[in-house]
Amino acid sequence: MQKLKILSKITDCGLVAVVRAENSEQAVKIADACAKAGIAGIEITFTVPGAAKVIEDLAKVYQSGEIIIGAGTVMDPETARIAILAGAQYIVSPSLNFDTIKLCNRYQIPVMPGCATIREIVEAMEAGADIIKVFPGEALGATFVKAVKGPLPQAPLMPTGGVGLDNVADWIKAGCVAVGAGGNLTAGAKKGDYQSITDIGKQFIEKIRAARAGAR
């Protein structure tokens, strides 16, 4: 799938599921639950043991593109390349690493580095980042995004960390193009309750749509 189509699908939906699965089987079940909810993409973090194999397995299951498979907690270009070869369609980092951005641009893979200051956001955009991950979201808050949007209305921001049903509308109204949700979305997987992921995912998407409609 082309880079622009991947970015468009993620931003149109507005929600990425951040997944810390215990194994490939659980990751597939989470992805299935996300697909049923209409969630555009899932991010398999490299804190998961055997993350590259999980990504490879998911990429084979979702070849038609109903779910966009990404890699998260990518700290360096070496890990990014491993993820891309495994089938990752976008790369998410917790921090700003220019070599990772350069590598992703070389292979036309969307890249989303983590930033926590105006300077980092500007440098990330200058380096060619596609979406800026506002991280840690729970520490910065939606007011940070609103402040950034004053001097940088063109900045494509997506928070991760602390995003829940109670505050997702605040992030969208502040100007975020999407949000990343982890435990607040996927916690049910630990108990085998995958239906809860679908139900909560639908609620997230409804709140995102309502917030976008209200912001127009």
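Helices (H or I, at least four residues) and strands (E, at least two) are DSSP runs, numbered from the N terminus. This is a predicted model, in which local features need pLDDT of at least 70 and side-chain atom pairs count only at pLDDT 80 or more, while totals for chains, interfaces and linings use all residues. Residues are numbered from 1 along each chain as its sequence is written, and side-chain values use heavy atoms, with hydrogens and water left out.

- Strand β3 (residues 68-72) is mostly covered, since 5 of its 5 residues are buried, where buried means under 20% relative accessible area, exposed over 50%, and partly exposed in between, with a 1.4 Å probe and protein chains only.
- In a regular strand the side chains alternate between the two faces of the sheet.
- Both faces of β3 are covered, with Ile68, Gly70 and Gly72 buried on one side and Ile69 and Ala71 buried on the other.
- Strand β2 (residues 41-45) pairs with β3 in the parallel sense over 5 bridges, and two strands count as paired if DSSP finds at least two bridges between them; in this pairing, Thr45 stands opposite Gly72.
- On the way from β2 to β3 comes helix α3 (residues 51-61), and the three make a right-handed β-α-β unit, a term that applies if, with the strands pointing away from the viewer, the path from the first strand over the helix to the second runs clockwise.
- From β3 the chain crosses through helix α4 (residues 77-86) to β4, and this β-α-β crossover is also right-handed.
- Strand β4 (residues 90-92) pairs with β3 in the parallel sense over 2 bridges, and Ala71 stands opposite Ile91 in β4.

**The sheet β6-β7-β8**

- An open sheet of 3 strands has the order β6-β7-β8, with parallel pairing.
- Because β6 (114-115) and β8 stand at the edges, each with a single partner strand, one side of each is left without a neighbour in the sheet.
- Strand β6 and strand β7 (residues 132-134) run parallel and are joined by 2 bridges, with Cys115 opposite Val134 in β7.

**Pro153 in a loop**

- Pro153 is found in the loop between α8 (142-149) and β8 (157-159).
- Pro153 counts as exposed because its relative accessibility is 53%.
- The C-alpha atoms of Pro153 and Gly175 are separated by 8.3 Å, although the two residues are 22 residues apart along the chain.
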